[in-house]
Amino acid sequence: MISKQVSAAALVGLLFAGPGMAADAPACKTVRMFDPGWTDISSTNAIATVLLDALGYKTDIRTLSVPIGYKAIENKEIDVFLGNWMPAQQKFIDALNAAKAAEKLNENLPDAKFTLAVPAYVAEAGVHDFKDLAAHADKFEKKIYGIEAGAPANQSLQKMIKADDFGLKDWQVVESGEQAMLSQVARAEKQKGWIVFLGWAPHPMNTKLKLTYLSGGDAYFGPNYGGATVNTLARTGWAETCPNAATLFKQLNFTLDIENAMMGKIMDESKTPTDAAKAYLKAHAGLVEPWLKGVTTMDGKPGLPAVKSALGL
């Protein structure tokens, strides 16, 4: 739910801010964000953090499950969230809209996807669609490997099982973190074992693993193999109070290539998210200028030179 109202104080600040004047109020210096424990969001949070640090801001990133994170937005304990996957998280958005608690700042990633997947050799053996799973229940041990407890995707799978769609009423969703789930997939692949799991893009799994996304899950994950967009949300009122920082977030757009590369640095090269972000931005300096158009430092100086200086560009 997007607010179109601008307070008189914020408007005056925008009109008369000049060199050396604070771009945002002191209360805006720390931007509170959350990470559900997903490497893609760790990556995008890290890019935002590197940019904000160079501009004189700080980030306070809390690791929270999706339901708790959305509740924290509603309670004004979180300012910005870069991981609103849609339509998978629609029920959370409905709740926030009903409470007039959040606004969409930006669609930060198009062309994402999120649905069930299997190793390529399982697909070659005849599993291409959700409806193919039940016929091979013994090989799959009637298990679907999901992500962390409380995740909307897991809830969709539980709903599917409860409804006995695709003949899966006796199946179990194995809930675990992203890394634990992918470790299970890697072990199964080494042994040519049968496994069905939640797969998504962006993620290095798409280049490291030979996997096949399953069709047929439109009712639970949406069309086009769970085709999704990822949005940037802010708690209601934050963008009005902190228009400079909000401008950055409104312009902070990613691609599958950016996020796949960032996630690879974190997962495969054991870099911290912050170090991965710095290395990636140094190697792709052209990304920075459009993100920082019209953005200043916290104290009102031009933002682009400050970021380039901090990155050594």
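## Helix 2

Helices here are DSSP runs of H or I with at least four residues, numbered from the N terminus. In this predicted model, helix 2 is followed by G56, which has a positive phi near 95 degrees.

Helix 2 covers residues 39–54. At 1.5 Å a residue, its 16 residues should span 22 Å, and the end C-alpha atoms are 23 Å apart, which agrees. Of these 16 residues, 15 are buried, so helix 2 is largely enclosed by the rest of the structure.

## Packing against helix 14

Two packed helices are described by the angle between their axes and the distance between the axes. For helix 2 and helix 14 (residues 256–267), the axes come within 9 Å and cross at roughly 100 degrees.

On the helix 2 side, the contact involves T39, D40, S43, T44 and I47. Helix 14 contributes I258, E259, M262, M263, I266 and M267. By type, the residues of this contact divide into 6 nonpolar, 3 polar and 2 charged.

## Nonpolar core

The largest nonpolar core has 103 residues. I47, W238 and F249 are those with the most contacts inside it.

Neighbours within four places in sequence aside, W238 is in contact with V31, D79, V80, E103, L105, A245, A246 and F249.

## S65

S65 is in the loop between strand 2 (58–63) and helix 3 (66–74). Its relative accessibility is 22%, so S65 counts as partly exposed. The C-alpha atoms of S65 and A149 are separated by 8.0 Å, although the two residues are 84 residues apart along the chain.

Conventions:
Residues numbered from 1 in each chain as written. Predicted model: local features only at pLDDT ≥ 70, side-chain atom pairs only at ≥ 80, totals over all residues. Heavy atoms only, no water. Helix = DSSP H or I, 4+ residues; strand = E, 2+ residues; numbered from the N terminus. Expected span 1.5 Å × (residues − 1). Buried < 20%, exposed > 50% of the residue type's maximum accessible area, 1.4 Å probe, protein only. Core = buried A, V, L, I, M, F, W, Y, C linked by side-chain atoms within 4.5 Å. Contact = heavy atoms within 4.5 Å. Axes fitted to C-alpha atoms, helices over the stretch in contact; angles between N-to-C directions. Nonpolar A, V, L, I, M, F, W, Y, C, P; charged D, E, K, R; others polar.
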